[in-house]
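Here is a request for a short briefing on one structure.

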Amino acid sequence: MTTRIAFLSLHSSPLAKIGTVDAGGMNVYVGRLAEELARLDVQVDIFTRRTSSGTPEIVEGKHGVRVVHLDAGPARQVPKSALPLYVPALAASYSRFTKRHCLEYDLLHAHYWLSGLVGLEVRGGAPLVAMFHTLARVKEFYSGGPDPSDSSLRYEGERRVMENADAVTVATADEELHMERLYGVKPLNYVAIPPGVDLRRFSPGDKEKSRQRLQIAADKTVLFVGRLDPIKGLDALLWAMADIRPRTPQTLKLVVVTDTGEESPRYLRYRKLASGLGLDGVVEFRDLVPQKTLAHYYRAADVCVVPSAYESFGMAAVEAMACATPVVAFRVGGLASTIAHDETGYLASPGSRQDLAQQLFRAVTSDDLPAMGARARDAVEQYSWARTAGKTRDLYDRMRETVAESLTGA
């Protein structure tokens, strides 16, 4: 029997260009998980807020996955801090859509706290599973202060979802501890299900051919992939590059793959910082690329650096490792679980720029990188999307059984 699931990804669409504002690893997760669940006879509709008047209400995707655009507020991007104002409208729009199309879902899976709040309003008798992807208090703890782009309502909103969702999925076990320590909440049901990685697309390949294809010339190439968000730590990486450059006998190149945003203020700030650190000619900023091209960047690099102050999982790190490229990162969040220090990469003390520079220096001067890359690939074989979808489907089945038992009084 087909299971029908509603994914709520209301603040950001899986159709959004990865790397743009509020479009990153979560978008990849939502879209790919839905496709993999469809292979397991789970029908998924993904609900998101309309941000363009020209977008169809329903966009058909792979394997029968549909993206449904709900009308709530202006049909354009709005500041993230303003999105809580549209929670009632999103709930009403969802209810109108399901009533108009005579739809009933077996379960709702909400992604991010705003979606969780809407899910609490519209779930009816269906179980609600919530996944936060990021948490406000965790970001504050590791970055040293609140995100000015966040709503002041976020903390209480997250607490409400934690307390009332039927289950909370997390990428790694340390997220459970953060919820208890920073929110004082122990959800009804924790389930740790690591995200997946496309092990076919992100796979080992010829380093020199990838460098020629991308026109990268250097003895050692360091790669950064991510948004220009302060928590992603590009400033720490630029500082580390400036620190190790005089001590490194080979020529170094840092390639930054990000959304340059037609010379947005953040991009200009980081480019100015690189210049001020004497990294002209060392750092190359390159615009976002499709996933198939991104794999070539990982293969072309000697090492990928993920200098985030915190990552609940760290998709870029796992993608790089899948391409047999070792990773340098801070020992935080999911990165501490996916990277084995001195075996598949190098881990620096959280927040220490000096240690990040030291670990990066070790990486670019190591003769063990090819062997380390091979070990990294072996280590991430466990993170297949098929496995992630299978564990998620098992959770759905358990939740449905619980509902059925409550209805029969078993």
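The briefing below goes through selected residues, topic by topic.

This is a predicted model, in which local features need pLDDT of at least 70, side-chain atom pairs count only at pLDDT 80 or more, and totals for chains, interfaces and linings use all residues. Residues are numbered from 1 along each chain as its sequence is written, and side-chain values use heavy atoms, with hydrogens and water left out.

**Salt bridges**

- The whole structure holds 28 salt bridges. The term stands for a side-chain nitrogen of Lys or Arg within 4 Å of a carboxyl oxygen of Asp or Glu.
- D45 pairs with R66 in a salt bridge, and their closest N and O atoms are 2.8 Å apart. D45 lies in strand β2 (residues 42-49) and R66 in strand β4, so this pair ties together parts that are 21 residues apart in sequence. Helices (H or I, at least four residues) and strands (E, at least two) are DSSP runs, numbered from the N terminus.
- Are D45 and R66 buried or exposed? D45 is buried, because its relative accessibility is 0%. R66 is buried too, with a relative accessible area of 15%. Buried means under 20% relative accessible area, exposed means over 50%, and partly exposed lies in between (1.4 Å probe, protein chains only).
- D150 forms a salt bridge with K80, where the closest N and O atoms are 3.7 Å apart. The two sit in distant parts of the chain, 70 residues apart: D150 in the loop between α4 (136-143) and α5 (154-164), K80 in the loop between β4 and α2 (87-100). D150 counts as buried at 16% relative accessibility. K80 counts as buried at 16% as well.
- R377 forms a salt bridge with E381, with the closest N and O atoms 3.0 Å apart. R377 is buried at 13% relative accessibility, whereas E381 is partly exposed at 40%.
- In general, side chains of opposite charge can pair when their charged atoms come close.

**Positive surface patch**

- Which residues form the positive surface patch? K62, R201, R213 and K292 do.
- Patch members have over 30% relative accessible area and no salt bridge; like charges are joined within 9 Å, and nonpolar side chains (Val, Leu, Ile, Met, Phe, Trp, Tyr) within 5 Å. Lys and Arg count as positive and Asp and Glu as negative, while His and the chain ends are not counted. The place of a charge is NZ of Lys, CZ of Arg, CG of Asp or CD of Glu. Accessible areas come from the Shrake-Rupley method with a 1.4 Å probe, and for residues only the protein chains shown count as cover.
- K62 lies in the loop between β3 (58-60) and β4 (66-70). K62 counts as exposed, because its relative accessibility is 55%.

**Positive phi**

- H63 has a positive phi of about 60° although it is not a glycine. H63 is in the loop between β3 and β4. At a relative accessible area of 44%, H63 is partly exposed.
- Y112, also not a glycine, has a positive phi of about 85°. Y112 is in the loop between β5 (107-111) and α3 (113-122). Y112 is buried, at 5% relative accessible area.

**Contacts and distances**

- Contact means heavy atoms within 4.5 Å.
- S308 is in the loop between β12 (303-306) and α11 (315-322). S308 is buried, with 2% relative accessible area. Neighbours within four places in sequence aside, S308 contacts I231, K232, G233, F330 and V332.
- M399 belongs to helix α15 (residues 385-408) and is buried at 8% relative accessibility. Not counting residues up to four places away in sequence, M399 touches L107, P127, V129, D166, A167 and N189.
- A324 is in the loop between α11 and β13 (327-330) and is partly exposed at 24% relative accessible area. A324 and D302 are 22 residues apart in sequence, and 9.4 Å apart in space from C-alpha to C-alpha.
- Leaving aside neighbours within four places in sequence, A324 is in contact with P204, G373, A374 and R377.
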